[in-house]
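Have your viewer ready and follow along.

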Amino acid sequence: MNSLDDSVSALKGVGLKKQEALSELQINNIFDLLLYYPFRYEDFQVKNIDDISDQEKVTLKGTIASEPTVVHYGRRRNILNVRLLVNNIVIKVTFFNQPWLKKQLPVGEDVLIYGRFDKNRSSLSGIKILTSINNNKMSSIYKVNKHIRQTTLKDIIKNAYENYQKCIQDILPTSLRKKYKIEKLAKVIHDMHFPGSKRDAMLARRSAKFNEFFIFQMRLQSLKSNKTNNGIALKYNSNIINSFIKQLPFNLTDAQKKVIDEILYDLQSSRQMNRLLQGDVGSGKTVVAVLAIYACIQSGYQAALMAPTEILAEQHANSLANFFKNDNINIALLTGDTKLSARKELLPRIENGEINLIIGTHALIQDAVNYDKLGLAIIDEQHRFGVNQRKKLREKGIGTNILAMTATPIPRTLAITSYGEMDVSIIDQLPSGRQPIKTAWIRESQFKSSLPFIKNRLNKGEQIYVVTPLVEESEAVDMKNAVNIYESFQKSFENYYNVGLLHGKMNDDEKNKIMNDFKENRLQILVSTTVIEVGVDVSNATMMIVFNADHFGLSQLHQLRGRVGRGGQQSYCLLIADPKTEVGAKRMDVMVNSNDGFVISQKDLELRGPGDVMGKSQSGLPEFNVGDPVADLTMLNIAQQEAILIVSKKSWQSNPENKLLANYINHANEKIFD
Ligand code: ADP
Ligand code: MG
């Protein structure tokens, strides 16, 4: 019996070599192959000259009206010229370096020629001569690698379709297909690969996208609903939590209260928490984490907080120690730089539960670190960690509740795709009294003219960050760049103000010394490579200057900008950039015109595409085969709503209409899916 699960090697003509080449394209079984859709088509349908736009690739049908001539020029280069009569219009046709075509173009012959049309010159730059087999067809173009050719892949797919078309069943429930006019899968697959017309191809693509989005969403939603009753239920005393909130140095914002409620609710339930906390820079995520940690420790469990850099981990350790100064909580800081002797002393105390709160970097997830009862793990700036690191922390305890925090607002589109299995809490409000940061973009050549403005800030007793990104391949060159900028600031201000330099090559003691000097205002200007990107909190700093600003992601720039404007004073951000492209210039304009992290990341996504914004490997962002989560957002939303609706019915799996769907989803989710 044929089955779509059959290996591609079951096909005639697919031996070990081709199997390997296909496997490189992630094609292993017949179903993979059938779903390996073309990414575009060559349209061989004959068109009327009037309907063709300039530079369009088209097929013309006409009669050869002149003897073809070949002119040689340079070394081994030549051009073939011939006139083609199309509906009484003479078209000049040229072929480069294909002199042998001359024989196929005798005067008076009717031919089909595919090429690029130039409307002004009434000419066609020929690509190939078509035979009647190609006539009026759309030809699929696939992504291939160097081990397999277009035509070979096409033949293999054709072969698979012919032998297996009877096995193709619809995974989508019929009612859903009817509701959204989705074609049957067998037809979708046929028309994607071998469309009879542009319209067929378009309709098939629409259905294929829906199939893909819906199945993806079903996987997420069913994963989400599976996670029940396997978490640690934290039984804290809400009176104690409330009195803790009362003694905080500020009043919580409504947004903070709302997300704290959501998190505390999750913590006391036996459903394992898996929650993403999103909040713009400066929105006050730390105190939310503090309350979750407090509830966890009150319930007799340990909590861990993992940050992406040593500086940030240390800052968290200090500020949390301050939050908990009246409570009997043992806090440990564990980073890559923790001395061996200190580590030796800490690890057993973590393992026997004496330490209540462990703050650190990646060091927290090393194999040697064992926890006693880890009730809550918090990941700060979670987008800076890889999927595996997040997973490792989660697995340090059984049923450990997870809170991932991020200031990089994930655009709605991406939130649906990459974090669909997490619950999301959003802090959509800044603490009161913050003024929006004023942002300007200037060219590097204009920098000198901004010096008086900078001096003004300093004269008022305020402090300034100066950031330079990684620009060159080599760290040495970047260092030099930062050093140059540092020296030029020193030159400009040396008699009045102190300038410090912070870069990645420094060891931790040096970094901390500089950071502390800045915090205590012994340094007024801090020049830094991107190490200050996350987290640090100096409320007297009112200006952020970013060199080569176009080398940053917009969300990163927004985060950098969020380092200022933390006190009551008006703050400023000066972007210095000479972008080489129009998109680059538009991105700078986005920064100048918006202070809203969500808007910025959505715009960045539109301008650059998802891969660039998040970095595919670290976002864990799924790659869709046909669907585009940005352009097809509406459809993605609909697919999500339908999937949620289905999964919300307890017995959905036993409904006969969903039998195939349930099988497929369960099978797919058995494979790793993080
Ligand atoms: P982020 O969300 O970027 O991590 P933080 O938690 O570091 O922000 O908070 C930024 C600053 O705002 C800190 O100095 C913090 O003490 C302060 N803060 C947090 N919540 C409030 C509030 N409700 N009112 C006033 N200040 C607050
Ligand atoms: Mg923070």
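Let's start with an open sheet of 7 strands, whose order is β11-β12-β10-β13-β14-β9-β15, with parallel pairing. Helices (H or I, at least four residues) and strands (E, at least two) are DSSP runs, numbered from the N terminus, and two strands count as paired if DSSP finds at least two bridges between them. At the edges sit β11 (331–334) and β15 (423–427), each pairing on one side only. From one strand to the next, the twist averages 20 degrees.

A word on where this comes from: it's a predicted model, so local features need pLDDT of at least 70 and side-chain atom pairs count only at pLDDT 80 or more, while totals for chains, interfaces and linings use all residues. Residues are numbered from 1 along each chain as its sequence is written, chains are lettered from A and ligands numbered from 1 in the order in which they are written, and side-chain values use heavy atoms, with hydrogens and water left out.

I331 has L357 in β12 as its bridge partner. Helix α10 (residues 310–323) lies across β10 (302–306), β11 and β12, and runs at about 150 degrees to β12. Angles here run from 0 to 180 degrees between N-to-C directions, and axes are lines fitted to C-alpha atoms, for helices over the stretch in contact.

Now look at α8, which also packs on this sheet: α8 touches β9 (274–279), β13 (374–379), β14 (401–406) and β15, and its direction makes about 155 degrees with that of β15. Contact means heavy atoms within 4.5 Å.

What does α8 (residues 254–268) do with α9 (residues 285–298)? The two helices pack at an angle of about 30 degrees, with their axes 10 Å apart. That makes α8 roughly parallel to α9, since angles under 35 degrees count as roughly parallel, over 145 as roughly antiparallel, 65 to 115 as roughly perpendicular and the rest as oblique. On the α8 side, the contact is made by Q256, V259, I260, I263, L264 and L267, and on the α9 side by V287, V288, L291, A292 and A295. By class, the residues of this contact of α8 with α9 are 10 nonpolar, 1 polar and no charged. For the classes, Ala, Val, Leu, Ile, Met, Phe, Trp, Tyr, Cys and Pro count as nonpolar, Asp, Glu, Lys and Arg as charged, and the others, Gly among them, as polar.

On to another open sheet, where 6 strands follow the order β16-β21-β20-β17-β19-β18 with parallel pairing. Here β16 (438–442) and β18 (499–502) stand at the edges with a single partner strand each, so one side of each is left without a neighbour in the sheet. Neighbouring strands of this sheet are turned by 15 degrees against each other on average, direction ignored. Within the sheet, β17 (residues 463–467) and β19 (residues 525–528) pair in the parallel sense over 4 bridges, and V466 stands opposite V527 in β19. Helix α14 (residues 451–459) packs on the sheet and touches β17, β19, β20 (541–546) and β21 (572–576), its direction making about 155 degrees with that of β20.

Finally, α17 (residues 554–561) and α18 (residues 582–593) pack at an angle of about 35 degrees, with their axes 11 Å apart. L554, L557, H558 and R561 of α17 meet R587, M588, V590 and M591 of α18.
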